[in-house]
Amino acid sequence: MKIILAGFTSDVTESELREMLSRYAEVDELEVIPGDLPEQTVAILTIEASNAEAHWVSRRLTGLYWRGHSLRAYVSLF
C-alpha cells in the first residue's frame, strides 16, 4: 500500500524519514518529492500491509509532531 506523508521541510533526508517511520511500519520504497515552499515537501512510501494496516499507520502519523512540524498522512487510493 502507498501512504502519502506531508508536513515536513525539504531538508529532511531519506534516512531520517526511514528511521522515524521504522517505529510504525517496514518501508519497502520511499520517494521524497520537494515542494516549492518548505512545508510542501511530501514523501510517498510503500509498505507491505493490508488496507486496515495502512490506515492504522496513517492514523498514527497524522498529527505527529516531528522536527517542529505536524505531519499529515493519507492512504493512497491508487
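Biologist: In what order do the elements of the protein run from the N terminus on?

Modeller: This is a predicted model: local features need pLDDT of at least 70 and side-chain atom pairs count only at pLDDT 80 or more, while totals for chains, interfaces and linings use all residues. Residues are numbered from 1 along each chain as its sequence is written, and side-chain values use heavy atoms, with hydrogens and water left out. The protein has two helices and six strands, meaning DSSP runs numbered from the N terminus (helices: H or I, at least four residues; strands: E, at least two). From the N terminus on, they come in the order β-α-β-β-α-β-β-β.

Biologist: What is the radius of gyration of the protein?

Modeller: Take it over C-alpha atoms, and compare with the globule rule, 2.2 Å times the number of residues to the power 0.38. For 78 residues that rule gives 12 Å, and the protein comes close to this, so it is as compact as a globular protein of that length. The C-alpha trace spans about 30 × 20 × 20 Å along its principal axes. The radius of gyration itself is 11 Å.

Biologist: Which residues have the most contacts inside the largest nonpolar core?

Modeller: A nonpolar core here is a set of buried Ala, Val, Leu, Ile, Met, Phe, Trp, Tyr and Cys residues joined through side-chain atoms within 4.5 Å. The largest one has 20 residues, and the elements giving two or more residues to it are β1 (2-8), α1 (14-21), β2 (27-33), β3 (41-47), α2 (51-61) and β6 (72-75). The residues with the most contacts inside are Leu 5, Leu 17 and Leu 21.

Biologist: What is Leu 17 in contact with, leaving aside its neighbours within four places in sequence?

Modeller: Contact means heavy atoms within 4.5 Å. Leu 17 is one of the residues with the most contacts inside the largest core. With sequence neighbours set aside, its partners are Leu 5, Phe 8, Val 12, Leu 30, Val 32, Ala 43 and Trp 66.

Biologist: How many bridges join β1 to β3?

Modeller: Two strands pair if DSSP finds at least two bridges between them. β1 pairs with β6 in the antiparallel sense over four bridges, and there Leu 5 stands opposite Ala 73. β1 and β3 also run antiparallel, with Ile 3 opposite Leu 45. The bridges joining β1 to β3 number six.

Biologist: How far apart in space are Ile 44 and Leu 5, C-alpha to C-alpha?

Modeller: Ile 44 is in strand β3 and is partly exposed, at 24% relative accessible area. Beyond its neighbours within four places in sequence, Ile 44 has contacts including Ile 3, Ile 4 and Leu 30. In sequence, Ile 44 and Leu 5 are 39 residues apart, but in space the separation is 6.3 Å.

Biologist: Which residue forms a salt bridge with Glu 14?

Modeller: The rule asks for a side-chain nitrogen of Lys or Arg within 4 Å of a carboxyl oxygen of Asp or Glu, and two salt bridges come out of it. In this one, the closest N and O atoms are 3.2 Å apart. Glu 14 is partly exposed at 40%, and its partner is Arg 18.

Biologist: How close do the N and O atoms come in the salt bridge of Arg 67 with Glu 16?

Modeller: Both residues are partly exposed, Arg 67 at 41% and Glu 16 at 30%. In this salt bridge the closest N and O atoms are 2.9 Å apart. Arg 67 lies in the loop between β4 (65-66) and β5 (69-70) while Glu 16 lies in helix α1, so the pair ties together parts 51 residues apart in sequence. The closest N–O distance is 2.9 Å.

Biologist: What is the phi of Arg 67?

Modeller: Most residues other than glycine have a negative phi. Arg 67 is not a glycine, yet its phi is positive, at about 50 degrees.

Technical notes
Buried < 20%, exposed > 50% of the residue type's maximum accessible area, 1.4 Å probe, protein only.
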